[in-house]
Amino acid sequence: MIEKFYDVIVVGAGPAGTTAARFAAEQGVSVLILEKDRDIGYPVRCGEAVSKDGIEPFIKPDSKWIASTINSFVLISPDGTEVKINFNRTGYILERRIFDYELGKLAAKAGAHILTKAYVYDLLREDGKITGVKFEHNGEKKEVKGKIIIGADGVESRIGRFAGIKTHIKISDMECCVQFTVSNINVDASTCYFYFGENYAPGGYLWIFPKGNNSANVGLGIGGDKAKIKSPISYINNFLENKFPNVPKLTMISGGVPCSLTLSEIVKENVLLVGDAARQVNPLSGGGITSGMIGGSIAGELAGKAIKENNFKLLMDYPKIWHSRVGRRHEMYYKVKNAIYNFRDETLNSIAHSAIKIPESERTLLSIFKIALLDKPSLLFEFAKIFFY
Amino acid sequence: MLLIEIKPDKCDFCGVCVGVCPEDAIELKEATIKISEELCTNCAKCVWCCPIEVLVFRKDKIQQLKASTFK
């Protein structure tokens, strides 16, 4: 049963949206989540890798949505050099369709109402003020009023556009992705594999994330300007045909990961953006689950407080809190991404050759970074750009 | 006149095209996709970024477009 009026309306029921809804509802205000698809958590548009530390503040790890536990990475250079790194923390490969569902239940438990198959096509305005959203549900046009609107509508980020925020991103910042979930693949169940180079994934990387029982997510993301020349689907098909011919493909999904800076405007009047919609993805790794939940929790809590205290100026604190907790770090990652985005295969090979000389027990991403600089001083030049411009 | 063609049966409805469209000309629901002829400027960013080749730029229609523009 959906009311005519809510304190907070959240558009989109991914991890950022349901976390925003939960944190708002926990403040004792009324919350509605509108989701355009019929299911929460499906279709999955994600490689499904997270760190245990990242998600623990938001949900207690549960074996029903953990497909596998990760303790090492293997980075593979264009010439096939494998650099193994022991991950000093714990990683998980999720079953997002169950994980998202559980986050939805937590929001509902906190009091949020949820409506799926509800496609928001515009904001509702009265006397020039945003007073709710217009949506379609089962073919009928409807309206619902809300004091605060949270746009958690993912890569498309249209709620922001309706509010007058420029949300579209330049194509070189859009990682264009395809992923197959395959079975009968013989990979180590506790290792994530990353392939780099022109032939695998220019301006991005190719991943194999094991999901237990000899199944895995095999996917890749390439920069939009590279996708213009050759499409992601042809790269992944090539890879699978060469490396793993005949593996049964259980699902195929496509998707886009906005690997840019956080939008310069993530709050406007009474509209807040969270998660991919706010471009809160880690622009170097493309990971957005944890950072999206952090963004959602900040926005949700502020929205709840703003309603309770009837002080909408509180919403203006959102960008500041986001930037001090995560956004500033993402600015650095974005610079690193831009420096390595156009690395040629020779450079990547040379880094890998240096890295394998480091004893495995001392091998970390940072030590590889340092050795790469020492071994190939010309790299200093490229990395100098990261820090001094 | 639209120079961009969608192959809806191929579409996964992932939203990359919507994210890069500077004109907000693409409407994507759960399993329908439409380009607004009125808003689209044929910039082709959506075509370049589509991961699975759903959107096609119809070069062959350029002549037709020119003809209709200068009529």
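Across all chains of the structure, 24 salt bridges were found. The model is a predicted one. Side chains of opposite charge can pair when their charged atoms come close.

Within chain A, one of the salt bridges joins the side chains of K84(A) and E360(A), with an N to O distance of 3.7 Å. K84(A) belongs to strand β5 (residues 82-94) and E360(A) to the loop between α9 (345-355) and α10 (365-375), so the pair ties together parts of chain A that are 276 residues apart in sequence. K84(A) is partly exposed, its relative accessible area being 32%. E360(A) is also classed as partly exposed, at 35% relative accessibility.

A further salt bridge is formed by the side chains of R344(A) and E346(A), at 3.8 Å from N to O. R344(A) has a relative accessible area of 54% and is therefore exposed, since the cut-off for this class is over 50%. Salt bridges with shared partners also link D62(A), K64(A), E102(A) and K105(A) into one network.

Between chain A and chain B, 5 salt bridges were counted. One of them pairs D24(B) with R161(A), whose closest N and O atoms are 3.7 Å apart. This pair crosses between the chains, with D24(B) in the loop between α1 (16-20) and β2 (26-28) of chain B and R161(A) in helix α4 (residues 158-162) of chain A. Both D24(B) and R161(A) are buried. The side chain of D24(B) also meets that of R158(A) in a salt bridge, at 2.9 Å from N to O.

The contact between the two chains involves 33 residues of chain A and 24 residues of chain B. The size of an interface is often given as the accessible area lost when the parts come together. For chain A and chain B the buried area is about 2,300 Å², and carbon and sulfur atoms give 55% of this area. There are 11 residue pairs in polar contact between chain A and chain B. On the side of chain A that touches chain B, at least two residues each come from α4, β10 (174-182), α5 (224-227), α6 (232-243) and β14 (249-258). Strand β14(A) gives the most to this side, with 5 residues. By residue class, the side of chain A that touches chain B consists of 14 nonpolar, 8 polar and 11 charged residues.

Technical notes. Residues are numbered from 1 along each chain as its sequence is written. Chains are lettered from A and ligands numbered from 1 in the order in which they are written. This is a predicted model: local features need pLDDT of at least 70, side-chain atom pairs count only at pLDDT 80 or more; totals for chains, interfaces and linings use all residues. Side-chain values use heavy atoms; hydrogens and water are left out. A salt bridge is a side-chain nitrogen of Lys or Arg within 4 Å of a carboxyl oxygen of Asp or Glu. Helices (H or I, at least four residues) and strands (E, at least two) are DSSP runs, numbered from the N terminus. Buried means under 20% relative accessible area, exposed over 50%, partly exposed in between (1.4 Å probe, protein chains only). Contact means heavy atoms within 4.5 Å. Buried area is the accessible area (1.4 Å probe) that two parts lose on being put together, summed over both. A polar contact is a pair of N or O atoms within 3.5 Å; within protein, one must be able to donate a hydrogen and the other to accept it, and residues adjacent in sequence count only if both atoms are side-chain atoms. Ala, Val, Leu, Ile, Met, Phe, Trp, Tyr, Cys and Pro count as nonpolar, Asp, Glu, Lys and Arg as charged, and the others, Gly among them, as polar.
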